[in-house]
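Here is a friendly walk through one protein model, from a pair of packed helices out to the sheet and a few single residues. Please keep the structure open while you read.

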Amino acid sequence: MAGKLDGKIAVITGGASGIGLATVEAFVEEGARVVVGDLQNEAGEALVTRLGADTVAYRHCDVTDEDQLKALLHAAKTEFGGLDVLFNNAGIGGPSEPIEVLDMAAWSANMDLLVKAPFMGVKHAVPLMRERGGGVIVNTSSVAGMQAGYGPATYSTAKAAVLHFSRMAAAELAADKIRVNAVCPVIIATSMIGASLGVPRAQAAQMAEMLSQGAGGAQPAGRSGQGADIANAVVFLASDAGEFVNGTHIVVDGGLTVGPPHAWRQDLPNPLFDALGVTVEQADAMREAAKSAS
């Protein structure tokens, strides 16, 4: 049976762990060949060994370095013959200090990674995709880029910029048959959270496992998001099934943004009832009375 990405050649940044790794695995399963860019050489080389050098190539790449990023994209052509899909995924949470004390060097470094790098990725992917008659670009944004309260100021601002850049790029590149979209995850059990706090990789992986076990109550879905959840959305966007989807974003958050927690957790008080001085028990009694009356 043919895979959804048969014959496609992709570049995935930050592909040695987390969402990127899950997406590499999903792409290969669906028939794509993938060039992985990352800073984790050992993990990247292990990925090539596990999935096969005829399917996956690894390149050490600091995506904030334009020369390295350009070389990564051109590796898709030298290794496999061209470039059809780019997943701009590499990133980290960044500084979490309040705005008034935030170090501007840290701000700039985070913006370079989360905004400048995707811009450069698109810049250097366009000529390669044009040679193939078109292509697909997917950028990792975040629910934090849509609403306040899901990340620190720097990260959230950067992810909002990624959303709008995706729209702008989609408009500009439509004539080249290059589609550009974004995915917006939140509370995904990966090592990125621990890495953002500066803890060692092994400890960050342990924190990801703890998040996977303990974050279910934070989302209506009842479980923490996994890298595969995002990977499935990226596969759709990159495949022919998503060919009419352009210049927009897919939110993959287990329903978190449907509303505040009291909207989907009956054990939490409604702020309206709080304002009226009505307890949860009284509210329940009122609902039962209303059911009886009807």
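Helix H4 (residues 104-131) and helix H5 (residues 153-173) pack at an angle of about 15°, and their axes lie 9 Å apart. Helices here are DSSP runs of H or I with at least four residues, strands are runs of E with at least two, and both are numbered from the N terminus. Axes are lines fitted to C-alpha atoms, for helices over the stretch in contact, and angles run from 0 to 180 degrees between N-to-C directions. H4 and H5 are therefore roughly parallel to each other; angles under 35 degrees get that label, while those over 145 count as roughly antiparallel, 65 to 115 as roughly perpendicular and the rest as oblique. The two helices cross in the right-handed sense, meaning that the near helix is turned clockwise from the far one by less than a right angle.

Before going further, please note that this is a predicted model, in which local features need pLDDT of at least 70, side-chain atom pairs count only at pLDDT 80 or more, and totals for chains, interfaces and linings use all residues. Residues are numbered from 1 along each chain as its sequence is written, and side-chain values use heavy atoms, with hydrogens and water left out.

Which residues of H4 and H5 meet? On the H4 side they are Trp107, Asn110, Met111, Leu114, Val115, Pro118, Phe119, Val122 and Val126. H5 brings Thr154, Tyr155, Thr157, Ala158, Lys159, Ala161, Val162, Phe165 and Leu173. Contact means heavy atoms within 4.5 Å. By class, this contact has 14 nonpolar, three polar and one charged residues. The nonpolar class holds Ala, Val, Leu, Ile, Met, Phe, Trp, Tyr, Cys and Pro, the charged class holds Asp, Glu, Lys and Arg, and the others, Gly among them, are polar.

H4 also packs with helix H3 (residues 66-80), at an angle of about 30° and with the axes 10 Å apart. That makes H3 roughly parallel to H4, and H3 passes H4 in a right-handed crossing. From H3, the contact uses Glu66, Leu69, Lys70, Leu73, His74 and Lys77. From H4 come Ala117, Met120, Gly121, Lys123, His124, Ala125, Leu128 and Glu131. The classes here are six nonpolar, three polar and five charged residues.

| Helix pair | Angle | Axis distance |
|---|---|---|
| H4 and H5 | about 15° | 9 Å |
| H3 and H4 | about 30° | 10 Å |

Is Met120 buried or exposed? Met120 is buried, with a relative accessible area of 5%; buried means under 20%, exposed over 50% and partly exposed in between, using a 1.4 Å probe and protein chains only. Not counting residues up to four places away in sequence, Met120 touches Val63, Thr64, Asp65, Glu66 and Leu69.

Now for the sheet. Seven strands form an open sheet in the order E3-E2-E1-E4-E5-E6-E7, with parallel pairing. Two strands pair if DSSP finds at least two bridges between them. The edges are strand E3 (56-60) and strand E7 (249-252), each of which pairs on one side only. On average, neighbouring strands are turned by 15° against each other, direction ignored.

Strand E1 (residues 9-13) runs parallel to E2 and is joined to E2 by five bridges, and Thr13 stands opposite Gly37 in E2. Five of the six residues of strand E2 (residues 33-38) are buried, so E2 is largely enclosed by the rest of the structure. Further along, strand E5 (residues 135-140) and strand E6 (residues 178-185) pair in the parallel sense over six bridges; the bridge partner of Asn139 in E6 is Ala182.

Helices cover this sheet too. H4 touches strand E4 (85-88), E5 and E6, and the direction of H4 makes about 175° with that of E4. Helix H8 (residues 227-238) lies across E4, E5, E6 and E7, running at about 165° to E6.

Gly151 sits in the loop between E5 and H5, is partly exposed at 30% relative accessibility, and contacts Ala144 and Ser156 once neighbours within four places in sequence are set aside. Lys177, in the loop between H5 and E6, is exposed, with a relative accessible area of 62%. Phi of Lys177 is near 60°, a positive value in a residue other than glycine.
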